Amino acid sequence: MSKKKDYFAHKAHVYENNEKRVTNVQNIADGILKEISHTKDMHILDFGSGTGLLTQEIAPYVKAITAVDMSTSMNKVLRDKTDGFPCELEVLELDITKEEYTHKLQNIDSIISSMTIHHIQNTEDLLQKFYDLLNENGTIGLADLETEDGSFHKEDTGVFHFGFDKEEFLNIAKKVGFKDLKIETISVSSKPYGEYPIFLLTGRK
Ligand SMILES: C[S@@+](CC[C@H](N)C(=O)[O-])C[C@H]1O[C@@H](n2cnc3c(N)ncnc32)[C@H](O)[C@@H]1O
């Protein structure tokens, strides 16, 4: 059993009670489904899947999803939903920045991620891992905060970046080798104290 800190332990059980959070992830899912073609033979990796808000939106369109998250409490909420889930689902408790993962993540056609990459210190390393994991011509659909002033998080959830500059983020993906890249503002995360634009980067190996 890992001794890592579970930053979401106190909020996992109420995470989906926030309607604006749910709407934001639905917007992200709509953008991913519009930009990337999904078919019933595809195996998807959802990185930082949390309670599965994005996972469950993409599930009806694919064969299988491997949901990766290091938080025991968030994974439990997703695991509690697996009865009748619309595709094959494996929930892996894993921090791919620290643990060996390659043997657990095989034959990935597409990697999706919502609101997670700002929690990862080294963005280029992460995108390189995504590139290496993907099958040839595999796709990415990565959504996260655009540059913000640090006010988005009111508590410590392990944040390394106050969002990302869209052009810089796209250039990291380009440097790693991704092609057919497109980045656009796809949603706005509304908080009582501000509005935070969210980007979606799509591309192909
Ligand atoms: C803000 S939540 C987003 C959850 C979900 N994707 C959504 O949009 O609702 C970020 C998630 O990323 C996970 N996470 C953060 N760092 C991670 C890492 N290094 N490896 C795996 N999961 C990580 C957290 O545990 C958390 O569940």
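Visitor: Which residues come nearest the ligand, and what makes a residue count as near?

Guide: Gly48, Gly50, Ser71, Ser114 and His119 come nearest, out of 20 residues around the ligand. A residue is near a molecule if its C-beta atom, placed from the backbone, lies within 6 Å of it. Do keep in mind that this is a predicted model, where local features need pLDDT of at least 70 and side-chain atom pairs count only at pLDDT 80 or more, while totals for chains, interfaces and linings use all residues. Numbering starts from 1 along each chain as its sequence is written.

Visitor: How is the shell around the ligand divided by class?

Guide: There are ten nonpolar, eight polar and two charged residues in the shell. Here Ala, Val, Leu, Ile, Met, Phe, Trp, Tyr, Cys and Pro count as nonpolar, Asp, Glu, Lys and Arg as charged, and the others, Gly among them, as polar. α2 (53-58) and β2 (64-69) each supply at least two residues of this shell; these labels are DSSP runs numbered from the N terminus (helices: H or I, at least four residues; strands: E, at least two).

Visitor: Why is strand β1 called largely enclosed?

Guide: A residue is buried if 20 or more other C-beta atoms lie within 10 Å of its own, exposed if 12 or fewer, and partly exposed in between, with C-beta atoms placed from the backbone. Five of the five residues of β1 (residues 43-47) are buried, so the rest of the structure largely encloses this strand. In a regular strand, side chains alternate between the two faces of the sheet. In β1, His43, Leu45 and Phe47 are buried on one side, and Ile44 and Asp46 on the other.

Visitor: How do you know that β1 and β2 pair?

Guide: Pairing requires that DSSP finds at least two bridges between two strands. β1 and β2 have five, in the parallel sense, so they pair by that rule. The chain crosses from β1 through α2 to β2 in a right-handed β-α-β crossover; right-handed means that, with the strands pointing away from the viewer, the path from the first strand over the helix to the second runs clockwise. His43 stands opposite Ala64 in β2. β1 also runs parallel to β4, with four bridges, and Asp46 has Ile112 as its bridge partner there.

Visitor: What makes Leu89 buried or exposed?

Guide: Leu89, in strand β3 (residues 88-93), has 20 C-beta neighbours inside 10 Å and therefore counts as buried. Beyond its neighbours within four places in sequence, Leu89 is in contact with Ile65, Ala67 and Thr82, where contact means C-beta atoms, placed from the backbone, within 7 Å. β3 itself runs parallel to β2, with six bridges.

Visitor: Two non-glycine residues have positive phi, Met115 and Asp180. Which is buried and which is exposed?

Guide: Met115, with phi near 60 degrees, has 21 C-beta neighbours inside 10 Å, so it counts as buried. Asp180, with phi of about 50 degrees, has 10 other C-beta atoms within 10 Å and is therefore exposed. Met115 is found in the loop between β4 (108-114) and α4 (123-133), whereas Asp180 is in strand β6 (residues 179-191).

Visitor: What makes a set of residues a nonpolar core?

Guide: The members are buried Ala, Val, Leu, Ile, Met, Phe, Trp, Tyr and Cys residues joined through C-beta atoms within 7 Å. The largest such core has 50 residues, and Ile28, Ile58, Ile111 and Ala143 have the most contacts inside it. Strand β5 (residues 134-145) gives the most to this core, with five residues.

Terms used: Contact = placed C-beta atoms within 7 Å.
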